[in-house]
Amino acid sequence: MALHHFAHRRTAGDLVLPPGPGITRRQMLVGSLAAVGGVAAASALAGCAPSASASGLHELAYWHLLSGGDGITMAGLVDKVNALDHGYEATQTVLAWGAPYYTKLAMASVGGRSPDVAIMHASRVAGYAPGGLLDPWDLDLLAEFGVEESDFLERVWAKGGLDGKQYSIALDSHPFIMMYNLDVAEQAGVLGPDGQLAPIDSPDQFLEVARAMQAVTGKHGLSYGYLGDGAQMWRLFYTLYKQHDADFDLSGLTAKVDDDAAVESLEFIQQLLDGTICTPSGDYGTAVSEFMSGESGMFFTGVWELPTAKSSGLAFDAQPIPTLFGTPAAYADSHAFTLPHQSSPDPEQRRASYQFVADLLQNSLGWAEAGHIPGFQPVVQSADYQALMPQAHYAAAAEILNYDPEAWFTGSGSDFQNYFLETVQGVYLDGSDPAEGFAAFVRRVNVQLAKPNPV
């Protein structure tokens, strides 16, 4: 993978984004210290700027976990909205992705030194809002700045809600999708009259298409890397599982799941990992390299890999993963804006925060150019977005997205997907029994359900 955001794949030891537009070396250094330094560092980080400058601008502290290509894109967006002269100057602080970020965010909220605005994955809100670590959005005030519930897809908006209050506002959705090599697909005879991949609607048909592409490449029909990567394993499994219209309910003391749907999904994954369609033991980096070098016809990945594909010079297109089990579904998460708890927020400072978030949402076409699907639908519906290719071809994935099952221990950067790795990797790698692997995963999840939310 090139620069992204494997925000969805990075580990706690990853470095934060090097200084870029709108980020000073001092801010980056403090962010690095906060990633390892505990409450004191987090407090110093949040308090590094006063709430209003001598110029009268409200100085906003903005935390996020976006590094690599995403971090550079976000820095450009922040520069753009700062230049709108809407009464604020937002300063970014970038922290290491994953557990370090969420730990520091929680400590800052508890310690009374929260940033004005912070990015969270929408899948993490359920673990933070109940503990009072986030303040709810005032929807009337948000509407004053041109942002309303009707501007978002229903399931994207709903993910930010809890107990009748809205705790996050989605910047985007970033689903798991399928890219495909147009030249390989054409030679394999699997393109439709519109020049896009002909519809695929069954597991057997997908296997046939993949084998036809393998006959062209001479190596593999599909690139999919998962080794040592619970997130990658889970994204594909959960996409296929939800295509069965199956529930994964973690609201009680034990998980309520559909064992048959899980086993059928895992058995299909085993069919893919046969050494011909797809390597049985590839990691993510190997999959990226293989697809970008034309050694496979299809690639299961996230929208964040779009810049890498474009820079490769490959002739490719992208779409939601085909509906193979009856119900259109895609795994996804969202980067979402939150208001970390402040005991006595200054009303004018808070208004400036709302203006800042509204400006980012309304100017998120640049975020779309980097691959993500904007949460703010007026941008998605614009002619400029519809002209973006292949973004317009996979935008429908946002309408069928599925977030992690809701619990305090699930979501991006949590241990939940590591539990899947620990218990199910043998099913992928060694052909172990899918029923036994999934049962072990459910038992591990039930251990967590028996514990209280630590925050």
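These exercises walk through charges, rings and backbone features of one predicted model.

Residues are numbered from 1 along each chain as its sequence is written. In this predicted model local features need pLDDT of at least 70, side-chain atom pairs count only at pLDDT 80 or more, totals for chains, interfaces and linings use all residues, and side-chain values use heavy atoms, with hydrogens and water left out.

**Exercise 1. The negative patch**

Task: find which residues gather in a patch of negative charge on the surface, and which helix gives the most to the patch.

Solution. 
- Start with the rule. Patches take residues with over 30% relative accessible area and no salt bridge; like charges are joined within 9 Å, and nonpolar side chains (Val, Leu, Ile, Met, Phe, Trp, Tyr) within 5 Å. Asp and Glu count as negative, Lys and Arg as positive; His and the chain ends are not counted.
- List the members. They are Asp259, Asp260, Glu264, Glu267, Asp433 and Glu436.
- Assign the helix. H10 (residues 259–272) gives the most, with four residues. Helices (H or I, at least four residues) and strands (E, at least two) are DSSP runs, numbered from the N terminus.
- Check its cover. Glu436 has 59% relative accessibility, so it counts as exposed. The classes are buried (under 20% relative accessible area), exposed (over 50%) and partly exposed (in between), with a 1.4 Å probe and protein chains only.

**Exercise 2. Two aromatic pairs**

Task: state how the rings of Trp234 and Phe441 are arranged, then do likewise for Tyr238 and Phe248.

Solution. 
- Set the cut-offs. Rings of Phe, Tyr and Trp (its six-membered ring) pair if their centres lie within 6.5 Å; planes under 30 degrees apart are stacked, over 60 edge-to-face, and the rest tilted.
- Count. The whole structure holds 38 aromatic pairs.
- Take Trp234 and Phe441. Their ring centres are 5.8 Å apart and the planes stand at 50 degrees, so this pair is tilted.
- Locate them. Trp234 is in helix H9 (residues 230–243) and Phe441 in helix H19; the pair links distant parts of the chain, 207 residues apart. Both Trp234 and Phe441 are buried.
- Take Tyr238 and Phe248. Here the centres are 6.3 Å apart and the planes at 75 degrees, so the pair is edge-to-face.
- Locate these too. Tyr238 lies in helix H9 and Phe248 in strand E10 (residues 248–249), so the pair ties together parts ten residues apart in sequence.
- Check cover. Tyr238 is buried at 3% relative accessibility. Phe248 is buried at 7%.

**Exercise 3. Salt bridges**

Task: find the partners of Asp135, Glu406 and Lys219, and say where each pair sits.

Solution. 
- Side chains of opposite charge can pair when their charged atoms come close.
- Apply the cut-off. A salt bridge has a side-chain nitrogen of Lys or Arg within 4 Å of a carboxyl oxygen of Asp or Glu. A search of the whole structure finds four.
- Asp135 pairs with Arg350, the closest N and O atoms being 3.4 Å apart. Asp135 lies in strand E4 (residues 134–135) and Arg350 in helix H13 (residues 347–362), so the bridge ties together parts 215 residues apart in sequence. Both Asp135 and Arg350 are buried.
- Glu406 pairs with Lys159, with closest N and O atoms 3.1 Å apart. Glu406 lies in the loop between strand E17 (401–402) and helix H18 (416–429), and Lys159 in helix H6 (residues 154–159), so parts 247 residues apart in sequence are tied together. Glu406 is partly exposed at 41% relative accessibility, whereas Lys159 is buried at 10%.
- Lys219 pairs with Glu295, with closest N and O atoms 3.2 Å apart. Lys219 lies in the loop between helix H8 (203–217) and strand E9 (222–223), and Glu295 in the loop between helix H11 (284–292) and strand E12 (298–302), so the pair ties together parts 76 residues apart in sequence. Lys219 is partly exposed at 36%. Glu295 is partly exposed at 31%.

**Exercise 4. Backbone exceptions**

Task: describe the peptide bond from Met389 to Pro390, and the phi of Asp163 and Asp245.

Solution. 
- Know the background. Most residues other than glycine have a negative phi, and most peptide bonds are trans.
- The bond from Met389 to Pro390 is cis, with omega near 10 degrees. Pro390 is in the loop between helix H16 (383–386) and helix H17 (391–394).
- Asp163 is not a glycine, yet has a positive phi of about 55 degrees. Its place is the loop between strand E5 (161–162) and strand E6 (165–166). Asp163 is exposed, at 74% relative accessibility.
- Asp245 also is not a glycine and has a positive phi of about 55 degrees. Asp245 lies in the loop between H9 and E10. With a relative accessible area of 58%, Asp245 is exposed.

Technical notes. Areas by Shrake-Rupley, 256 points an atom, 1.4 Å probe, with all protein chains shown as cover. Charge placed at Lys NZ, Arg CZ, Asp CG, Glu CD.
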